[in-house]
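Here are some exercises to work through with the model open beside you. Try each task before reading its solution.

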Amino acid sequence: MAGTDKQREMLADGPAIILVEPQLGENIGMVARAMANFGLAELRLVNPRDGWPNEKARAAASRADHVIDGVKVYGDLAEAVADLNFVQATTARPRDNFKPVRGPVEAATDLRARHESGQKTGILFGRERWGLTNEEVAMADEIVTFPVNPAFASLNIAQAVLLMSYEWMQSAPQGAVLPKAPEQTPATKEHLESLMSYLDRVLSERGYFRTEDKKPKMMDNLRALFTRPGFTVEELAVLRGVLTSLEKFSPRKPKGGVRE
């Protein structure tokens with residue numbers, strides 16, 4: 001769901017995402033959407049093939065307009081990373097160099113620490129078809145690789161950005177921002193006893209207890225059954241509604257009716 005501009009501003013913080021020569025506007029839009037999902041907003045494009053702005057990118061961004069509106073376009077990679085203190089390059093292929101190679105979890109944790117210390121950071125992502133050149137990787141400080149199936153190691157740009165954006169949010173001290181569960185009210189003993197009184201009446205009317213001497217034990221068993229899960233008021237209301245519907249049932253009025 002779309003939040004307020006202030007909420008977006010509060011979440012939009014972290015490394016710059018840098019796409020080198022992206023080809024399709026749709027891919028750029030999906031990258032923007034992935035970034036917005038996990039609290040990133042600074043998107044830099046190096047020489048996008050179809051130019052900028054791009055309406056296909058905005059359409060694919062699915063309301064991540066704050067990311068699209070803030071896009072910065074650069075003529076080359078050196079210009080795009082000039083103001084950054086630390087850069088990671090994502091690649092699926094082994095590289096013959098001496099740069100440290102990190103997995104996404106370790107990489108995001110390191111980025112978080114650098115960001116918290118005031119450094120400006122960025123993550124490089126290559127072209128759709130063949131990624132980054134060795135010269136482009138050489139401009140980064142570290143390499144990030146993803147633990148994928150070696151027989152099918154290809155990730156599209158949006159998938160790769162999504163993985164790194166997710167790990168960025170996971171690296172926060174409070175962890176991921178999870179949706180809040182619906183507020184429910186724990187049932188009191190009074191709510192439970194009301195249900196038990198109701199069950200006592202309807203089950204007695206229908207001969208459930210069979211013999212009166214077994215009724216106390218059976219009611220104790222029922223009370224234990226409904227006490228153990230720790231029901232909420234809302235759950236007991238649903239249960240009460242189901243039982244009331246069954247109470248009103250008759251073969252002549254299968255959809256229920258007024259109890260005689």
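A contact here means heavy atoms within 4.5 Å. This is a predicted model, in which local features need pLDDT of at least 70 and side-chain atom pairs count only at pLDDT 80 or more, while totals for chains, interfaces and linings use all residues. Residues are numbered from 1 along each chain as its sequence is written, and side-chain values use heavy atoms, with hydrogens and water left out.

**Exercise 1. The whole protein**

Task: Find how many helices and strands there are in the protein, and what share of its residues is buried.

Solution: 
- Start with the elements. Helices (H or I, at least four residues) and strands (E, at least two) are DSSP runs, numbered from the N terminus. The protein has eleven helices and seven strands.
- Next, burial. Buried means under 20% relative accessible area, exposed over 50%, and partly exposed in between (1.4 Å probe, protein chains only). Of the 260 residues, 36% are buried.
- Then the surface. Accessible areas come from the Shrake-Rupley method with a 1.4 Å probe, and for residues only the protein chains shown count as cover. The total for the protein is about 16000 Å², and carbon and sulfur atoms hold 55% of that.
- Finally, contacts. Among those with a separation of 6 or more, 81% link residues 24 or more positions apart.

**Exercise 2. Tracing the sheet**

Task: Work out the order of the strands in the sheet, and say which strands stand at the edges.

Solution: 
- Two strands pair if DSSP finds at least two bridges between them.
- Walking across the open sheet of seven strands gives β3-β2-β1-β6-β4-β7-β5, with parallel pairing.
- The edges are β3 (72-74) and β5 (101-102); each has a single partner strand, so one side of each lacks a neighbour in the sheet.
- R102 has V144 as its bridge partner in β7.
- Now look for helices over the sheet. Helix α6 (residues 104-116) packs on it and touches β4, β5, β6 and β7, with a direction at about 165 degrees to that of β4. Axes are lines fitted to C-alpha atoms, for helices over the stretch in contact, and angles run from 0 to 180 degrees between N-to-C directions.
- Helix α8 (residues 157-170) lies across β1, β4, β6 and β7, at about 150 degrees to β6.

**Exercise 3. Backbone details in the loops**

Task: Say which peptide bond is cis, and where E21 lies.

Solution: 
- The bond from W52 to P53 is cis, with omega near 5 degrees. P53 sits in the loop between β2 (43-46) and α3 (55-60).
- E21 is in the loop between β1 and α2 (25-37). Its phi is positive, about 50 degrees, although E21 is not a glycine. With a relative accessible area of 30%, E21 is partly exposed.
- R63, in the loop between α3 and α4 (65-69), is also a residue other than glycine with a positive phi, near 75 degrees. R63 is exposed, at 54% relative accessible area.
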